[in-house]
Amino acid sequence: MLTNFVSIFNNIQKTRIVVVGDLMVDHFIWGKVTRISPEAPVPIVVQSREELMPGGAGNVVRNLSALGCPVSVVSVVGLDSHAEFLSRYFETMGISARGLIKIDARKTACKPRHGPSVISTKS
C-alpha cells in the first residue's frame with residue numbers, strides 16, 4: 001500500500017486532474033477581542049487584517065497545484081465579485097478558470113472563517 005502511495009506521489013506532476021465540486025470563498029478575519037457585547041454573549045473584534053482564499057473544491061485545487069499537479073476546475077458560480085476573485089486567483093496560479101460556469105441566478109458562497117484566527121485578549 002505504501003509503495004502505491006509513493007508511486008502515485010512521485011508521478012503526480014504527470015497526472016492531470018479535474019476537480020469538479022462546489023467552490024466558495026473563505027474569508028479569514030484576524031483581530032483582537034476587545035470586549036463582550038452587552039446585548040448578547042458575542043465578542044467584539046477589532047479587525048487587524050483579512051484575507052480571501054478559495055474554499056471548498058478550491059482548496060483541493062490549491063493543494064493539488066502546490067504538489068505540482070496539472071489541475072483544472074469545473075464548478076458553477078455566480079456572476080459576482082466572489083466568482084471574479086476565484087477566476088483571478090486561479091489564473092494567477094496558472095490554473096484555467098474556463099471551467100467556471102457563471103450563472104446570474106446563483107450567488108457564489110463566501111464563508112467567514114474566524115475561529116482560532118481571532119486572538120482574544122481575555123483569559
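1. Let's start with a pair of charged side chains: Asp 26 and Arg 113 form a salt bridge, with their closest N and O atoms 3.0 Å apart. (A salt bridge here is a side-chain nitrogen of Lys or Arg within 4 Å of a carboxyl oxygen of Asp or Glu.) Asp 26 sits in strand S2 and Arg 113 in strand S6, so this pair ties together parts that are 87 residues apart in sequence. Asp 26 is buried at 10% relative accessible area, while Arg 113 is partly exposed at 33%. (Buried means under 20% relative accessible area, exposed over 50%, and partly exposed in between, using a 1.4 Å probe and protein chains only.)

2. A word on what you're looking at. This is a predicted model, where local features need pLDDT of at least 70 and side-chain atom pairs count only at pLDDT 80 or more, while totals for chains, interfaces and linings use all residues. Residues are numbered from 1 along each chain as its sequence is written, and side-chain values use heavy atoms, leaving out hydrogens and water.

3. How many salt bridges turn up in the whole structure? The search finds three. Another one joins Arg 106 and Asp 22, with the closest N and O atoms 4.0 Å apart. Arg 106 is in the loop between strands S5 (100–103) and S6 (109–113), and Asp 22 is in the loop between strands S1 (17–20) and S2 (23–36), which puts the partners 84 residues apart. Arg 106 is partly exposed at 38% relative accessibility; Asp 22, at 54%, is exposed.

4. Then there's Glu 84 with Lys 102, their closest N and O atoms being 2.9 Å apart. Glu 84 belongs to helix H3 (residues 81–92) and Lys 102 to strand S5, so the link spans 18 residues of sequence. Both partners are partly exposed: Glu 84 at 36% and Lys 102 at 33%.

5. Now the overall layout. The chain has three helices and seven strands (DSSP runs numbered from the N terminus: helices are H or I, at least four residues, and strands are E, at least two). In sequence order they run α-β-β-β-α-β-α-β-β-β. The radius of gyration is 19 Å, well over the 14 Å that the globule rule gives for 123 residues, so the chain is more spread out than a compact globule. (That radius is taken over C-alpha atoms, and the rule is 2.2 Å times the number of residues to the power 0.38.)

6. Last, some extent and burial figures. The C-alpha trace spans about 55 × 45 × 25 Å along its principal axes, and buried residues make up 33% of the 123.
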